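Grab a pencil and work through the exercises below. Try each task yourself before you read its solution.

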Amino acid sequence: MTRDYYNIVDITPNMKKSWTVEIQVIECGHRQLSTAKKEFRRLMFADTQGTRVAALVYSNDLDFFENTFTPYHRYQISNAILRLTEPRFQLDSYEFSWTLSRQTLIEPIEEQTPPPLTCQFHFTPFSELYKYADEENYLNVRGVVIKCLPIQHVKKGSETTSKRDVIIVNEEKKLLILTLWNPIDEIEGNALDKITNTGPLVFAMRVKMTTFYGQSITTSPRSAILINPPVKDDLKLQTEIKVLLRNETYKDTEILLPPPENKDILPIGRAIIKMKNGTPTWIKGTLSLPQQDRSFTQTICAKCLKPIQADINWNIKCPLCKEKSEVQIISRAIIEINDGTGTIAASISSPEIEKLIPLNPSEIKDVAKSEKNVHDVIASSVQGLSVVTFVRSYLTWNQQQQINRFVIVKLHKVQEHYTKEQQILIPSTKYENLSTTKPTSPKQTQKRPQPDVGKTKVIESSSAGTSRPTKRMK
């Protein structure tokens, strides 16, 4: 019997006869629940022309297809069920998704090594991630895994979830934390942990950027992690990566959030509206210290970094993250930033605040014990400084009312250069003393700003796919 082969774009509900498409598996998703509490699994295929299609398997057929597909391998698929896809979920220009049932014929193509992927992938550089912080946008990033941190178990109500932080580095030589959750941690996380010493390449698909750790990315139920996909290896990473890892630059916001370009800085009046909608942004202005702020230290849990009521010497079980953890004292303050279009009051804490004031948490307590006015000491260091800050908002309750509060994620001081009209941003020195003559510690070494990197890049996995001689092929 002669078989009719087609490309994905040829397959429509109007087809009157049997069809077959040769596909390559791009993603094998995990089981999850739909909004209607219906269990399903999502896969992604691409044909020889690079066109992608989402394929869904639902409850009754999940066990049947449990071990059918292997990532990056090729198959012939005949007569899947077509469903029209909402525009926001469409892949490429193809309007339909496929549903696989026991009536769908699936035949593996026997080959020792899967061929290169034929579809294109669009990635966001690490230097551009801050533009999408804490938004509902899904991003694709790529990098080489250089370290898998230990698995953690987090309690959320009556449920316990698993998570793992993975450190990746990209072609910009920037390190970033990728947090894997639940089945992605249990499957892909464990797989990466076993092969980390080989430097596996990963594509993190449909992940979100957060301001945790200053800047990091995290998976969601819609995410997928591709491990060592068969594509051209154009990440020319050198031995300096080991130095970056040893210095824990994946936590260093001087590198993750370098000074922005002027076009990325918003007037405070506009920025407040944007931040209340959940989008962090860069603002610029001069500082002052409100008179009413008299608390300049705070006790936090060393694990979850959230404020708690505890003595610094206690080894306690944190009431928030439920983990046994040491507590630590940090410096903190509420500062006001004004740029002429508006004023914003934002909290700032260690280590960012220590770029502005000459006191660490212990020294703040010593000043208070000596009956000096701590507020005046800090205000004299802060007043009139020009800064650029990356600020986010969060909701809190006060007297049964929801209130928007703001927190500074990153701060850079501004320094006059040549004329008052020509101001440049300089990366702030960690723990820099502004009004004391104490010797500088090694941690006070100034970091250089990172070079500017272009916009979203496109990687093409191969120049052309292999076309099968067919009865009908476009």
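Buried means under 20% relative accessible area, exposed means over 50%, and partly exposed is in between (1.4 Å probe, protein chains only). This is a predicted model, where local features need pLDDT of at least 70, side-chain atom pairs count only at pLDDT 80 or more, and totals for chains, interfaces and linings use all residues. Residues are numbered from 1 along each chain as its sequence is written, and side-chain values use heavy atoms, with hydrogens and water left out.

**Exercise 1.** Work out how the buried residues of α4 are arranged around the helix.

Step 1: Find the helix. Helices (H or I, at least four residues) are DSSP runs, numbered from the N terminus, as are strands (E, at least two); α4 covers 268-276.

Step 2: Pick out the buried residues of α4: Ile268, Ala271, Ile272 and Met275.

Step 3: Look down the axis. Remember the helix rule: with 3.6 residues a turn, residues three or four places apart point the same way.

Step 4: Check the other side. Exposed Arg270 and Ile273 sit on the face of α4 turned away from its buried side.

Step 5: See what comes next. Gly278 follows α4, and its phi is positive, near 100°.

**Exercise 2.** Are Cys28 and Cys148 buried or exposed?

Step 1: Cys28 has a relative accessible area of 17%, so Cys28 is buried.

Step 2: Cys148 comes out at 14%, so Cys148 is buried.

Methods. Arc of directions from axis to C-beta.
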